[in-house]
Amino acid sequence: MAFIIRAGTWIWGDTTFGIRFFGPILALAGSILLINAGRDLMGRCEDGIKAALLFNATLFLGVGAATMTPDTPLIFFSTLALWALGRLYVTQQPAWWLLIGAAFGLGFDSKYTAVLPALSCGLWWLFSPRKPPFKWVAGGALMGWLVISPVLLWNAQHHWASFLKQGGRAQDWAPSRAVQFVGELLGGQIGLATPLIFLLCVGGVVAAIKQARRGDALWLLSAMVVLPSGVFLQHAFGGRVQANWPVILYPAAILLATRMRGVTAAACLGYVMTGLIYLQALTHVIPLSPHHDIVARQTGGWRGFAQHLARQSQGQAVIFRDYAQASLVHFYAPELTIYSTDPRWLYLDRPVGREVTALLVEKQDSRDAILHGWVAASPNPTSLCRKARGQNIRCYRLTPVEKSGGDSVIIRRVG
């Protein structure tokens with residue numbers, strides 16, 4: 001994702017447009033790939049067109065394409081792998097395994113959940129009655145390993161930090177909250193896919209499982225949905241599954257959804273919901289409170305907040321606990337000296353802060369204690385609110401702090 005963002009900012013400069021520039025382009029390219037994958041795996045180009053229409057009608061792609069997150073390249077490279085699998089299925093040319101391996105590797109570089117459809121693909125090959133020569137499958141696996149080698153090298157040099165971070169979640173186990181977490185998982189997918197598309201996907205997968213024959217295209221697509229779904233469901237018995245995590249199974253699930261009735265109605269509902277979200281984001285036609293207006297809560301007022309903070313800090317360094325807040329303020333006010341206590345910064349080789357005094361910025365309702373090794377330099381912290389259209393989105397407490405001696409919490413410079 002970082003390389004894609006850098007390419008956009010190289011063209012358009014360090015602007016929000018430059019950061020998000022390749023999001024819609026990758027969505028368009030992925031849609032074209034999905035059309036061709038549908039032609040090869042489902043047997044008709046019409047099915048691929050239906051799949052592309054459905055996929056773009058989901059809130060994940062319809063709204064998410066306007067942003068730039070790790071899910072953007074993840075889905076593009078996963079769809080690229082799906083297209084290559086379609087070419088392999090139709091042509092029976094084993095050289096396609098090289099592109100399949102490279103595409104899954106690039107998806108893994110974007111987000112580690114790409115390993116799930118890759119494993120599904122491996123199971124499909126293992127149980128396929130028409131196995132290609134093993135050397136080509138091994139060659140595809142080697143291509144994948146070569147592509148992910150920079151990620152492996154970085155982790156080897158940093159105590160396997162990201163693998164331990166992601167892998168540690170698998171150890172969570174809280175069955176007493178499973179009903180809540182599973183409910184949130186289902187609710188998140190119903191909302192992100194939109195209700196009718198979600199139902200079509202479920203129906204399409206169930207029908208495909210019943211009709212699949214070992215090694216055929218339905219078997220492949222079913223495996224690419226069922227295995228990741230099982231992993232996310234298992235995780236829901238130990239912790240919360242974020243709504244965007246299961247999007248890795250969307251391309252395969254939506255291809256299967258095209259076999260169901262009601263595609264047109266489902267797509268229309270999805271586009272209407274997407275349009276309403278854009279209308280609300282641009283005009284705030286419905287006077288929602290900041291608590292219910294998700295778009296405003298996440299994106300509204302950061303430029304003005306950062307600029308006011310830069311004036312109010314009066315040259316002092318600024319400390320954030322949250323990495324996202326620190327990044328956003330740094331983007332809009334690069335002249336500020338910004339530090340963060342979030343552990344994510346510890347592996348970026350930024351210089352450790354040596355400030356004697358600083359301004360601690362945290363949410364107004366935060367109950368966290370002052371940073372260890374620091375004391376409040378003033379008994380009366382001030383407040384600064386992030387505003388959008390004259391409405392307070394969220395207010396923050398600004399506390400002047402100074403080092404009190406002894407061991408201090410590690411802070412790392414942002415940017």
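Two rings of Phe, Tyr or Trp (for Trp, the six-membered ring) count as a pair when their centres lie within 6.5 Å; the planes are called stacked when under 30 degrees apart, edge-to-face when over 60, and tilted for the rest. Keep that in mind as you open this predicted model, in which local features need pLDDT of at least 70, side-chain atom pairs count only at pLDDT 80 or more, and totals for chains, interfaces and linings use all residues. Residues are numbered from 1 along each chain as its sequence is written, and side-chain values use heavy atoms, with hydrogens and water left out.

**Stop 1: aromatic rings**

Select Trp12, Phe17, Phe21 and Phe22, which together make one aromatic cluster. The structure holds 18 aromatic pairs. One of them joins tryptophan 12 and phenylalanine 17 edge-to-face, 5.1 Å centre to centre with 80° between the planes. Now colour by accessibility (buried means under 20% relative accessible area, exposed over 50%, partly exposed in between, with a 1.4 Å probe and protein chains only). Tryptophan 12 is partly exposed at 44%, and phenylalanine 17 is partly exposed at 48%.

Next, select phenylalanine 108 and phenylalanine 163, whose ring centres are 6.4 Å apart with the planes at 50°, so this pair is tilted. Phenylalanine 108 is buried at 14% relative accessibility, while phenylalanine 163 is partly exposed at 24%.

Stay on H7 and pick serine 110. Serine 110 is buried, with a relative accessible area of 14%. Show its contacts (heavy atoms within 4.5 Å): apart from neighbours within four places in sequence, serine 110 meets Pro70, Pro73, Leu74 and Phe77.

**Stop 2: the loop between H9 and H10**

Move to histidine 158, in the loop between helix H9 (134-157) and H10. Is histidine 158 buried or exposed? Its relative accessible area is 12%, so histidine 158 is buried. The side chain of histidine 158 reaches the backbone oxygen of tryptophan 154 at 2.8 Å. Not counting residues up to four places away in sequence, histidine 158 touches Tyr347 and Asp349.

In the loop between H9 and H10 you will also find tryptophan 160. Most residues other than glycine have a negative phi. Tryptophan 160, however, has a positive phi of about 55° although it is not a glycine. Tryptophan 160 is partly exposed, with a relative accessible area of 40%.

**Stop 3: the nonpolar cores**

A nonpolar core is a set of buried Ala, Val, Leu, Ile, Met, Phe, Trp, Tyr and Cys residues joined through side-chain atoms within 4.5 Å. The largest one has 61 residues, and Leu85 and Leu255 have the most contacts inside it. Helix H6 (residues 71-91) gives the largest share of this core, 9 residues.

Centre on leucine 255: leaving out residues up to four places away in sequence, its contacts are Leu34, Ala37, Gly38, Leu41, Met42, Ala51, Leu82 and Leu221. Then look for a second, separate core of 19 residues, including Phe305, Leu336, Leu359 and Val414.

Now show helix H14 (residues 250-257): 8 of its 8 residues are buried, so H14 is largely enclosed by the rest of the structure. Among these buried residues are Tyr250, Pro251 and Leu255.

**Stop 4**

Select helix H18 (residues 323-332) and pick out its buried residues, Gln325, Ala326 and Val329. They lie on the same side of H18, because they cover an arc of only 100° around the axis, taken from the directions from the helix axis to the C-beta atoms. Which elements do the buried residues of H18 pack against? They pack against helix H17 (302-313), strand E1 (317-320), strand E2 (338-340), strand E3 (357-363) and strand E6 (391-403).

To finish, visit glutamine 314, in the loop between H17 and E1. Glutamine 314 is exposed, at 70% relative accessibility, and its phi is positive, near 55°.

Methods: Helix = DSSP H or I, 4+ residues; strand = E, 2+ residues; numbered from the N terminus. Polar contact = N/O pair within 3.5 Å; in protein donor to acceptor, adjacent residues only side chain to side chain.
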